[in-house]
Amino acid sequence: MQYGMVIDIKKCVGCHACTIACKAEWEVPADKDRNWVHRLGPDNTPHGLASTYYPGLCNHCNEPACVPVCPADIIQKTFTDKKSGKTKTLEVAATYKDPFNGTVQIDKERCLGCGACADACPYNARYVNENQINEELGSEGTADKCTYCMPRVEMGLEPACVQTCLARARIFGDLDDPNSEVSRYKKMGAKSLSSVNVNIGSNGLYYGNKRDMALLTATSTPQVMPEANMRRILMAKMKPGFNKAKKLGMLGLVGAVAMKGMKEDKE
Amino acid sequence: MAFNLTRRKFLQTATLAAASVPLANVVTAQAGVAKSPFTPSGTMADKTMVGGICEMCFWRCQLVGKVRGNKLMKLEGNPKSIDNGQSICARGNAGVQLLYDRDRLKYPMKNVGQRGAPKWKRISWDEALDTCAKKLKATEQKFGAKGICMFPHGASAKYPMQYLEHTVGTPNVSEASFFQCRGIRDTAFLATIGTPPGENVDMANAKVIFGLGCHFGENVHVSHTKRYLKGLENGAKLIIVDPRFSASAAKADEWVAVKPGTDTALMLGMMNYIIQQGKHNKAFIDKHGIGFAEFKESIAEWTIEKTAQTCDVPADQIKRVADLLADNAPNVSIHPGRHVSWHGNDFQRQRSLGCMMGLLGAMGVKGSFVKGKGPKGVGKVGWPKGEHHVEAMHVAAGIYPYSPPGTPTDLIRDAAITGAPYPIKSCVIWGQNPIQTIPNQQKTIDMLKQMDFVMCVDVMPTDITMYADILLPEASYLERYDFIKTGTQWDLSGKQQQYISARMPMVMADFERKDQVYITNEIAKRMGYGDKIPVSALPEMVDMQLAGAGLSIAKLIAEDGIHLQPGIDPYGVADDLLVYFNNAEIADYGYPASPTYIAVEEVPAGHFRLLYGRSPVHTFNRTQNNVWLHHAMPENPVWINDEMAKELSLVNGDRVYCVNSEGVKSRNTTIVKVTPGIRKDCVYMAHGYGTKNPAMSVGAGAGIDDQALITILAVDPETGCHGMRNNFVKLVKA
């Protein structure tokens, strides 16, 4: 199962209700966003004058850039498939991709608030809520982003942004199910905002007419992976060592030394 | 993206954390989303309050509230609603932040400073009510009831408005919703098709949707927008006439970039062409039309060539659009518009829209002008009419024969400032912010300065409250009973149903906020009208009104806030429907009997015509302090044509002031939006920004107040309503 969201920009009228409903549902700080609407144009495109919207949110990517950069402790986490009851145990840091529903989630209580994940995301879908300091961890805040409203979905409700959308322009469902509405849109040509350099399996898809899609993709497709990605590669290489170190109870020290080194390299 | 300070601090804390974090392999976690103080719970398990009716705008969608403890966490569309359904717009969602706005009025206040430069002193309700009653009574005794004027807005203003109009007996009441907005539409359609049209076009089932300046999407009313979108989904062709490539123009099949002010000419040219082509609905006109021959002759001068030249629209496009309308008639939605007080020639334009409906026979059939048939029986409760009836100024003077109810705003302002025909010395402002709704702010200030007494009742410290002597904090729409909302299912072709719902509080009013019935009754008692009081409290009023339909608040709550009942097919044309193509009565008053284009002033050299419109996150100027909405669109960029910007060396994001042709400079700056999506002769900005009251800590200083730049007055001669798009500005780099 892979949850995904299609936004039909033919229908979207750019009313911003999705962004505000989300703020209310999840107590997002007024100046931060789990989702957003950028107003695009009017501007010329190869298909004529266009004006449309970029309603964005976390794309719960297949290869999320945010997950491997998380420097929090690695733990064994057991996931349960809501349908079959099957379980799977994975080694995860404070942010991970759920092996059963494909969503990318954050363990808030273990988040250090360092913001590495927010830096790594080419879609800018994460922020650090600096009002949420975890004193036990000495955190800087807590990373936050769209959860695809999993707590609502698990109760049989729609994501808050989908429920409030007057245009029914937001379609949520399982991209692995060929009969789902999102899959139907995918077959009709709904596509993600991906480029040569940013191609990490975004599960946020957009559908619209030629001119609107031209404007959306030209203005809103990330073209480069954020620099933090360099660090991601290094971190990924070092992680086995990290795990070993942690088991020896030395995580903090080794981690800090390793990262400090990398940072100085960059500067 | 480089590591910032936060990352650096992480490195320090990571080291510190090492000492206290337990060994990793002893940590276990449950599957699913972990619950912690850092994981918000969502509102799913919160208590659901039914009976909410939104008033972030006048459309008034049906709500439920999610309440945790005593706190409203979230608003949602009422799942039982057959109007908005579970959807609400951005503003509706942001009602929570109006409720808890830290700048909201909390206590009765007395101005111990100057009007316009207030110093506020908290006083008791008794003192506040005593003062209001004493001052209003003094004006009434000295100058008569007509010495009191009122500027009301919204559901809560209806009860006090009736008190002043009916019982005290002043005709000097001016509603912005009429005189600066839709009044012209309503009276022009009354004089054309015999009924005010509302926004009752069956767009969901139309083959063509025609909008003159309609910018659905920037202008959002949920069930209305649902109709529009359903129509597009069903394949309706969309024609949008607008000098700007608006949210709707962006979805349109035809964007007609008309020269501002010439819309009536465009309508006449298209109607003449349709008649010349013999494509008008002769059977409908024969049966329902009045004065068609005179009308036909009157508009014959509007050839395609003349129309194209006047409107600066290609002749081919005019023909194409007219053909599209005629070829798809009668299943065509000619949208009557809503905010139509544009140029001071607006009555005639609104008449032309009504005539187009008649010409196409686009009334009563699917996809055309159709009024839903809502439930009957909801009773009325109101203040009794007094014995002394005073004629309104325009009636006494025999002017503005098609004025909407109330008195044209400028007559009140002029009388107050000049003392003629009589003095107006007390001003009651209830839910309206005349500073940002009425053109020429200086005149409004002059009017207020000469008053013996000014009182304001509001939820927020809007600009006008700076001029109050007494300022009263009102319960918001989320904290009181009142408005009864009735109607039908949103898609007129759907299963025919009717609904009745009444506003109920989501939470109790905090601080010392009071509702309109309490405030009005207490003032009435103190003014000697205690025996005329119709109800003692709001719930009583609502129950009395609902009783007419066999309902009560208790019954509505038991029905999840909305009563549903079988409906009536709304389609069909009444035999006695008359369409006045030529209306001789209008000529009797000295105005054109057939719709006539009256040219507007040309743009002076070096200037742009200032156009304004709606932002989807703001309602008028009422929402500018809402933190959630403010964050969504913190200012109102001024749109300028890309070629003109190049000439002026302006680029996207430049910060500018606007200066109008009378030398008035905007208080604040905004950013420039350079786009090919606007004509060269105008600039555009969203209305509802730039409050000057520093007590609005979020909205103050954010964006430009377009109303401050609208100083040249245009008054529509038939109606007395303002035209607000006859002002011209320059952009000056900040």
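## Partly exposed, and a helix pair

Partly exposed here means a relative accessible area between the buried range, under 20%, and the exposed range, over 50%. Lys525(B), at 47% relative accessibility, therefore counts as partly exposed. Keep in mind that this is a predicted model.

Lys525(B) pairs up with Glu522(B) in a salt bridge, with the closest N and O atoms 2.8 Å apart. The two sit three residues apart in helix H18 (residues 516-526) of chain B, so about one helical turn separates them.

## Other salt bridges in chain B

Over all chains, the whole structure holds 52 salt bridges. One of them links Arg104(B) to Glu479(B), with 2.9 Å between the closest N and O atoms. Arg104(B) comes from the loop between helix H3 (95-99) and strand S5 (109-111) of chain B, while Glu479(B) comes from the loop between strand S15 (470-473) and strand S16 (484-488), so the bridge ties together parts 375 residues apart in sequence. Both ends are buried: Arg104(B) has a relative accessible area of 2%, and Glu479(B) is at 7%.

Then there's Glu127(B) with Lys110(B), a salt bridge at 3.9 Å, N to O. Glu127(B) belongs to helix H4 (residues 125-143) of chain B and Lys110(B) to strand S5, so this pair ties together parts 17 residues apart in sequence. Glu127(B) is partly exposed at 31% relative accessibility, and Lys110(B) is partly exposed at 31% too.

Salt bridges with shared partners also join Glu55(B), Arg60(B), Arg480(B), Asp482(B) and Arg503(B) into one network.

## Where domain 1 meets domain 2

Chain B splits into four assigned domains, including domain 1 (43-102 + 477-508 + 548-574) and domain 2 (109-180 + 380-476 + 509-547). The C-alpha centres of domain 1 and domain 2 of chain B are 28 Å apart. In contact are 25 residues of domain 1 and 20 residues of domain 2.

Between them, the two domains bury about 1800 Å², 58% of it on carbon and sulfur atoms. Glu479(B), Arg480(B) and Asp482(B) supply 28% of the area domain 1 buries against domain 2, more than any other three residues.

How many salt bridges cross this interface of domain 1 and domain 2? The count is zero. Polar contacts do turn up across the interface, in 15 residue pairs (both at pLDDT 80 or more). On the domain 1 side, H3, strand S17 (497-502) and helix H20 (553-558) of chain B each supply at least two of the touching residues. The residues of that side divide into 15 nonpolar, three polar and seven charged.

Technical notes. Residues numbered from 1 in each chain as written. Chains lettered and ligands numbered in written order. Predicted model: local features only at pLDDT ≥ 70, side-chain atom pairs only at ≥ 80, totals over all residues. Heavy atoms only, no water. Salt bridge = Lys/Arg side-chain N within 4 Å of Asp/Glu carboxyl O. Helix = DSSP H or I, 4+ residues; strand = E, 2+ residues; numbered from the N terminus. Buried < 20%, exposed > 50% of the residue type's maximum accessible area, 1.4 Å probe, protein only. Domains from an automatic or database assignment. Contact = heavy atoms within 4.5 Å. Buried area = accessible area lost by both parts, 1.4 Å probe. Polar contact = N/O pair within 3.5 Å; in protein donor to acceptor, adjacent residues only side chain to side chain. Nonpolar A, V, L, I, M, F, W, Y, C, P; charged D, E, K, R; others polar.
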